[in-house]
Amino acid sequence: MVYRISNRDARRLWLSNQGLAETPTGPADPRATIQKLGFVQLDSIQVLSRAHHHILWSRNQNYREPMLDKLLGQDRAVFEHFTHDASALPIETYPYWRAQFERRKARMDAKGWFKSALDKVDLNDIKTRISTEGALSTEAFDTKIEGPKEMWSRPPHKQALDYLWYAGDLATCYRQNFKKFYNLPERVIPENIRTTQIAREEQIDWLCRQAVERLGFATSGDIKRFWEAVDTAEVKDWVTGADLAEVEVQSANREWFPMLAPPDIADRIQSAPAPTSRLRILNPFDPVIRDRDRLSRLFGMDYRIEIFVPAAKRIWGYYVYPLLEGDRFVGRLEAKADRKKGTLTVTRLWAEKGVKWTNARSAKLDAELDRMGRFIGTPEIVWAASRIPDASPVG
């Protein structure tokens with residue numbers, strides 16, 4: 001018989017694997033957190049805290065923002081590259097990432113994404129300048145955008161730097177106020193890591209196995225999307241020869257979906273702890289939120305970020321934070337911070353469909369807002385919205 005995983009057990013295992021089961025206290029160890037998650041997405045938007053900092057803080061609320069910068073710029077414990085987006089990855093992943101460098105370069109060349117820029121900029125000149133002058137940001141170069149400036153337009157030198165970074169010919173050395181500084185990989189990646197050679201087949205095997213370890217249960221599409229560093233055909237070939245158990249996972253609406261899991265899945269579910277009852281403000285780019293299909297399937301939550309949606313067409317708001325309580329999403333919050341004034345302002349609050357907003361739940365949210373305020377240096381919490389949540393506008 002195919003092993004069946006109830007929806008409650010599926011949520012419990014998933015939250016445990018993603019570091020959201022235990023109470024987020026104790027000494028902060030962001031390196032261990034990134035190793036557990038596999039990677040942490042980087043994003044420039046700062047409404048409360050940038051996504052990468054917020055994700056790490058959600059797992060340990062003694063984390064502070066300079067800690068990640070130290071891991072990258074001083075300790076060389078993480079490196080930056082592209083998963084589904086720019087991300088910080090454990091430095092130990094680097095030898096298994098070479099196929100990703102090759103894949104990204106081949107894709108860029110095949111699609112001609114940077115061709116016009118590379119016709120205007122000499123890549124060797126860029127690398128020579130960095131070799132001679134040391135780490136440089138885009139501000140060290142002065143090529144201009146030609147023609148009309150559109151939303152995603154970038155000058156040729158910026159595109160050239162990105163091309164070299166995607167291809168692994170440059171590495172992020174450190175960041176200042178989220179500004180990236182590029183350097184040669186031999187100056188950034190520890191030599192023992194950088195010179196380790198691993199066969200491509202072993203790289204693929206490692207990436208797929210590590211994805212399944214963190215997902216707990218998955219389709220072949222889930223495995224591919226986890227890193228976005230393995231092709232669909234490579235995943236399918238790997239699944240054919242992998243030692244995986246066929247399981248059925250129950251969705252939030254009580255349907256059953258066929259998936260694959262490690263052979264000891266029953267033991268993993270039995271040992272997964274029940275999630276803390278603490279209410280958490282999660283970032284829109286949190287790994288539990290990022291895969292919208294998985295989020296909907298397991299939790300029944302339909303979430304879309306609306307930063308690129310015109311204000312008049314938004315259902316929720318520009319940057320809305322999901323609220324997780326235990327193993328259930330109970331609401332959404334729109335808030336903004338003014339770090340200079342030391343204020344965190346709540347502008348909207350919604351309860352998810354079917355959620356009763358009790359005084360106890362309200363008190364939990366107040367406690368989490370206070371913790372967030374301490375994290376980002378905004379001790380004053382201002383309510384510009386009603387403390388009685390609006391009903392969900394959908395569903």
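Some ground rules before we start. Residues are numbered from 1 along each chain as its sequence is written, and side-chain values use heavy atoms, with hydrogens and water left out. As the model is predicted, local features need pLDDT of at least 70 and side-chain atom pairs count only at pLDDT 80 or more, while totals for chains, interfaces and linings use all residues.

**Exercise 1.** Find which residues line the largest cavity, and which element gives the most to that lining.

*Solution.* Step one: the structure holds 3 cavities of 30 Å³ or more. A cavity is a set of points on a 1 Å grid over the protein atoms alone where a 1.4 Å probe fits but cannot get out; lining residues have an atom within 4 Å of a point. Points are joined across faces, edges and corners, and the volume is the space filled by probe spheres set on them.

Step two: the largest cavity has about 110 Å³ of space. Its lining includes Trp14, Phe39, Asp222 and Arg290.

Step three: α12 (220–227) and α15 (287–290) each give two or more residues, and α12 gives the most, with 3. Helices here are DSSP runs (H or I, at least four residues), as are strands (E, at least two), numbered from the N terminus.

**Exercise 2.** Work out what lines the second largest cavity.

*Solution.* Step one: this cavity has about 80 Å³ of space.

Step two: 14 residues line it, and Phe79, Glu80, Tyr94, Leu170 and Ala171 lie nearest its centre.

Step three: β3 (78–82), β5 (171–176) and α9 (185–188) each give two or more residues, with β3 giving the most, 3 residues.

Key:
1 Å grid on protein atoms, 1.4 Å probe; cavity = no way out; pocket = protein on both sides within 12 Å on 5 of 7 lines; lining within 4 Å.
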